[in-house]
Amino acid sequence: MSSPADGPPRLSSVRYQDLAVGRRFGPFAERLDQAASDALRGEVGVSRAGTEAPLGVLPLLTLRVLRRALGGIVPGGVLLGLHVTTVEGLPAAGAVDVDVHVSDQRRRPDGGLSTTFTFALAAEGRVRAIVDWTILAP
Amino acid sequence: MTGSWAPFPAVTHVVDASHIARYAELSGDYNPLHTDPEFARAAGFDGVIAHGPIALQTVFDAVARWLGGDGLPPSVRIDVRYRGPVSVGDVLTCRAAAIEEHAGVVLVRASCRDRRGREVLQALVAVPRRLAPRDRDPPDRAVG
């Protein structure tokens, strides 16, 4: 696993309103390790061994990539929705390539701005899952 | 076809500060909403809130138990809408409200609520009919 403590700063100076639909980031090379997979099979941190990566690694890997794409996590953003489409299984440990683009942005009736990021996760050259995050800007 | 599918298990997780710390460590997400009570209160919350994926684990855990196996189930779609924040100490339970079949896809409508009954997220899980587990028991157990 690439340590999240390495690399980009914890917090980003990017503002969601400065992002444009269609903007692409990556691909980013991530490493998934057995401990992270095992920690996400049930309650967070309760380790359970398995040979394949559980669903819980999808938000984890995409969150790491979002941090890399935006140069940190944008403070104050709140998750509105998440959509997962699986294609095929993923080993519990190994390399995962992730690319991300801004796929939607809209002003809500309450005035808030929501931004959707779409991630494609691939291993050994094959797409394993697509994940969308929709985040409400602070 | 309602009544012919295996019950979707109810799954309960307790969220404590160690889960938030662990998720921040794993993901690198140190959004101050999750780590700084003053920042979270200034943003309108009662205190720090859990990362969104922590509540989602109840849904993923239930899906994995329902389908069996420990990996990504192929060709499954999960749509989640967050309805409210999750705080330290919350006890979250994910349950199915309905299991239906449409056009070869089995749809599970699930909801995750805290101990006071407040809904924190809604999920729609879509599974190809061939992968959905059949109920071996009487149909009155079909919705978990």
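Student: Taking a strand as a DSSP run of E, at least two residues long and numbered from the N terminus, where is Thr12(B) found?

Tutor: In this predicted model, Thr12(B) lies in strand E1 of chain B.

Student: And is Thr12(B) buried, exposed or something in between?

Tutor: A residue is buried with 20 or more other C-beta atoms within 10 Å of its own and exposed with 12 or fewer, so Thr12(B), which has 15 such neighbours, counts as partly exposed.

Student: What is Thr12(B) in contact with, if we skip its neighbours within four places in sequence?

Tutor: With those set aside, the contacts of Thr12(B) are Val91(B), Leu92(B) and Thr93(B). As for Ala103(B), which is 91 residues away along the chain, its C-alpha atom is separated from that of Thr12(B) by 31 Å.

Student: Which sheet does E1(B) belong to, then?

Tutor: E1(B) is part of an open sheet of 10 strands drawn from both chains, in the order E1(A)-E3(A)-E4(A)-E5(A)-E2(A)-E2(B)-E5(B)-E4(B)-E3(B)-E1(B), with antiparallel pairing.

Student: Why is one side of E1(B) left without a neighbour in the sheet?

Tutor: Because E1(B), residues 11-14, stands at an edge with a single partner strand, as does E1(A), residues 24-32. Neighbouring strands of the sheet are turned against each other by 20 degrees on average, if direction is ignored.

Student: What packs on that sheet from chain A?

Tutor: Helix H2(A), residues 57-70, packs on the sheet and touches E1, E2, E3, E4 and E5 of chain A, its direction making about 130 degrees with that of E1(A).

Student: Switching topic, how many bridges join E2(A) to E2(B)?

Tutor: Five bridges join these two strands, which run antiparallel, and Leu82(A) stands opposite Val80(B) in E2(B).

Student: How many residues of each chain are in contact across the two chains?

Tutor: On the chain B side there are 36 residues, in contact with 40 residues of chain A. Helices H1, H2 and H4 and strand E2 of chain B each supply at least two residues to that side, and H4(B) gives the most, with nine. By class, the chain B side has 19 nonpolar, 10 polar and seven charged residues.

Note on methods
Residues numbered from 1 in each chain as written. Chains lettered and ligands numbered in written order. Predicted model: local features only at pLDDT ≥ 70, side-chain atom pairs only at ≥ 80, totals over all residues. Contact = placed C-beta atoms within 7 Å. Helix = DSSP H or I, 4+ residues; strand = E, 2+ residues; numbered from the N terminus. Nonpolar A, V, L, I, M, F, W, Y, C, P; charged D, E, K, R; others polar. Pairing = 2+ DSSP bridges. Axes fitted to C-alpha atoms, helices over the stretch in contact; angles between N-to-C directions.
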